[in-house]
There are 2 protein chains.
Amino acid sequence: MEFHIQAEDGLSNARAGQLITSHGSIATPVFMPVGTAGTVKAMHHKDLEEIAGTRILLGNTYHLYLRPGMHILTEAGGLHAFMSWEKPILTDSGGYQVYSLAHRRKLSEEGVMFQSHIDGSRHVFTPERVIDIQRNIGADIMMAFDECTPFPCDYEYARKSMELTHRWLDRCISHFESTQPLYGHHQALFPIVQGSTYKDLRLESAHYVSDCQMPGNAIGGLSVGEPADIMYDITATVCNVLPREKPRYLMGVGTPANILECISLGVDMFDCVMPTRNGRNGMLFTSEGIINIRNQKWKNDFSPVDPQGTAYVDQHYTRAYLRHLFACKEMLGPMIATMHNLSFYMWLVNEARQRILRNNYQDWKNDMVERVSRRL
Amino acid sequence: MEFHIQAEDGLSNARAGQLITSHGSIATPVFMPVGTAGTVKAMHHKDLEEIAGTRILLGNTYHLYLRPGMHILTEAGGLHAFMSWEKPILTDSGGYQVYSLAHRRKLSEEGVMFQSHIDGSRHVFTPERVIDIQRNIGADIMMAFDECTPFPCDYEYARKSMELTHRWLDRCISHFESTQPLYGHHQALFPIVQGSTYKDLRLESAHYVSDCQMPGNAIGGLSVGEPADIMYDITATVCNVLPREKPRYLMGVGTPANILECISLGVDMFDCVMPTRNGRNGMLFTSEGIINIRNQKWKNDFSPVDPQGTAYVDQHYTRAYLRHLFACKEMLGPMIATMHNLSFYMWLVNEARQRILRNNYQDWKNDMVERVSRRL
């Protein structure tokens with residue numbers, strides 16, 4: 001895996017680059033749609049590629065491990081083959097889902113015992129097991145197994161959790177280095193910085209992670225309920241330590257404004273369920289602000305879904321029609337909203353990239369952050 | 001509205017034609033996907049047109065009347081404008097839904113009082129009101145208001161119901177002729193033959209309907225639970241009376257085999273929820289037979305959804321993947337199955353058309369009826 005920085009913004013830490021994987025090159029900054037169980041909900045693959053311009057998908061190890069399961073994925077030849085997706089895939093480590101979804105879980109030095117949210121069956125994730133699972137999935141980018149602390153989190157817990165995450169990271173790297181990809185393409189492993197909202201812990205973790213000298217680094221444990229200012233502050237602190245020449249991935253972030261701000265702090269990669277999940281609930285992100293399409297006010301608004309939008313759905317359907325679909329609980333409603341939101345997120349990071357390449361990111365960002373945060 | 005017969009099969013009553021409407025020409029035999037509330041569930045319009053090759057959509061008057069309602073539809077400029085669909089639309093008269101969906105309904109000479117299945121609100125449909133509603137919707141083809149008898153139905157009830165349907169038909173035509181289209185395009189009205197499973201009633205009704213000299217004629221009250229042989233028998237009886245030079249529409253039919261058989265009896269137009277509704281439940285119709293994709297046997301079948309299929313989904317996705325999507329209740333499952341089934345239905349009627357044009361329909365039909373009826 002290679003990462004080339006093509007331009008850096010003069011007034012911020014924003015950068016534009018290319019991340020090269022076995023399944024193709026990814027222009028950064030990039031947003032990764034979340035394809036939890038091997039599908040980005042409500043999107044055909046062709047539309048993900050051709051309309052939303054998806055460059056890399058995120059898959060969830062926890063979900064894929066439970067369904068379709070390792071046996072089927074291995075027999076298929078990995079997730080790319082199973083879901084017929086030729087572009088790059090990143091998988092998380094399952095840690096976050098174990099904490100947020102599993103019925104019961106018990107943490108120990110060894111790993112986590114948990115019960116499936118589907119059928120209550122018992123499973124154990126250890127750093128080694130999570131590497132094996134991601135080898136089976138065959139993601140281009142694998143994530144180290146970590147504990148994601150909640151917000152708020154007391155200092156002592158955050159410190160102990162970070163230290164555990166570091167010991168798990170060592171085991172992940174050791175097991176990663178003693179195993180091979182299964183499907184003939186390269187896999188990279190990214191470590192994750194933790195440390196909750198405490199700057200001293202975050203600095204310690206950022207140094208620990210940087211010292212691992214992996215081909216990319218991630219920031220976890222943010223976007224878990226903390227105020228945006230704290231998220232930006234911690235992200236800035238960590239980005240100043242993480243090596244400049246490697247891609248930085250801010251996990252689970254966020255709103256369009258969050259993404260624009262964090263790009264200017266030096267983040268290259270993002271993922272979030274917001275454009276898909278909120279879209280399915282009728283929330284549309286646009287370059288002029290946020291629309292709740294269920295609102296009565298749109299019932300006879302026969303203008304396009306997003307007059308400034310670039311996607312098929314933006315120009316083809318009207319707001320009144322989309323509101324009607326949501327009112328009737330018709331599948332096409334979430335389908336349109338998802339396609340719109342993903343296309344908008346992609347447009348946003350691509351536009352950011354163009355501004356960085358032209359060295360005028362910061363002014364555009366400040367204006368755009370204000371626009372995208374309005375309620376229409 | 002014009003209808004031109006282009007070819008007639010030598011060994012059956014099958015014919016190939018062109019039905020010309022203000023929104024374009026429709027090659028027949030044709031299958032009309034059901035777009036109940038102004039959307040064919042789980043399908044983007046571009047895919048309906050480009051992938052499934054849809055030539056005309058069916059909308060349901062009952063559903064559209066309740067939501068979005070006449071006020072919004074009129075303000076939008078009719079259903080074509082409201083849903084951004086440029087091709088032809090046919091609307092049913094709402095009679096069938098009033099009987100099958102409404103909470104309570106009371107039939108009288110005047111019409112039907114019913115309570116909405118959504119909120120229990122009270123409404124009245126009369127022949128005149130149903131014409132007005134379809135003028136508001138702006139369908140290219142409107143249907144007369146009828147009573148659809150259940151199966152089985154005793155003779156006396158069937159006779160009285162047919163007579164009521166005929167009186168309602170007279171009122172529909174009279175009101176149709178005294179009103180004008182609202183959106184500048186032509187609208188046609190099709191009368192409906194009723195009479196349950198009784199040949200003498202069906203003959204009487206077919207003559208009554210033919211005498212109305214409308215530009216097309218429909219057969220209602222079939223595919224309501226009667227054995228297929230009775231459906232074919234009644235359809236043959238009615239088709240022998242309905243004028244050859246006008247399109248014949250068999251309402252609510254049916255399976256691929258039903259459609260192929262009824263084409264050979266002289267039917268030109270079909271609609272049915274089967275490809276969409278059954279698709280959403282995991283049933284796939286293919287040229288080799290019927291697949292229940294939820295079945296365990298497909299869990300590691302990495303062959304294409306339909307190796308013989310012509311749609312994007314048929315070649316792109318595998319059966320194992322599609323089964324996984326249904327197992328996880330992922331929206332993409334119903335989306336794929338719907339796109340496949342509609343594309344298959346369209347392929348089937350188009351293939352039938354090609355065989356009729358080449359005057360070798362009957363042999364192909366006999367072979368195909370057997371194939372499509374298998375369980376895989």
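This short talk describes how two protein chains meet in a predicted model, and then looks at several sites within the chains.

Residues are numbered from 1 along each chain as its sequence is written, and chains are lettered from A, and ligands numbered from 1, in the order in which they are written. Because the model is predicted, local features need pLDDT of at least 70 and side-chain atom pairs count only at pLDDT 80 or more, whereas totals for chains, interfaces and linings use all residues; side-chain values use heavy atoms, with hydrogens and water left out.

I turn to the relation between the copies.

Four salt bridges are found between chain B and chain A, each being a side-chain nitrogen of Lys or Arg within 4 Å of a carboxyl oxygen of Asp or Glu. One salt bridge joins the side chains of A:K41 and B:E330, at 2.7 Å from N to O. Another joins B:K46 and A:D47, at 3.0 Å from N to O. The latter pair crosses from helix α1 of chain B to helix α1 (residues 45-50) of chain A; helices (H or I, at least four residues) and strands (E, at least two) are DSSP runs, numbered from the N terminus.

Are B:K46 and A:D47 buried or exposed? B:K46 is buried at 11% relative accessibility, and A:D47 is buried at 2%. Here buried means under 20% relative accessible area, exposed over 50%, and partly exposed in between (1.4 Å probe, protein chains only).

Within chain A, A:E288 and A:R371 form a salt bridge, with their closest N and O atoms 3.0 Å apart. A:E288 lies in the loop between β16 and β17 and A:R371 in helix α14 (residues 361-373), so the pair ties together parts 83 residues apart in sequence. A:E288 is partly exposed at 24%, and A:R371 is partly exposed at 25%.

In the loop between β16 (283-286) and β17 (289-292) of chain A we also find A:S287. A:S287 is buried, at 9% relative accessibility. Beyond neighbours within four places in sequence, the contacts of A:S287 include A:F344, A:W347 and A:R371.

Helix α12 (residues 319-327) of chain A is mostly covered, with eight of its nine residues buried. Among them are A:Y321, A:L322 and A:F326. After this helix comes A:K329, with a positive phi near 55°.

Finally, B:S12 sits in the loop between β1 (2-8) and β2 (15-21) of chain B, and is buried at 13% relative accessible area. Leaving aside neighbours within four places in sequence, B:S12 is in contact with B:S264, B:Y361 and B:Q362.

Terms used:
Contact = heavy atoms within 4.5 Å.
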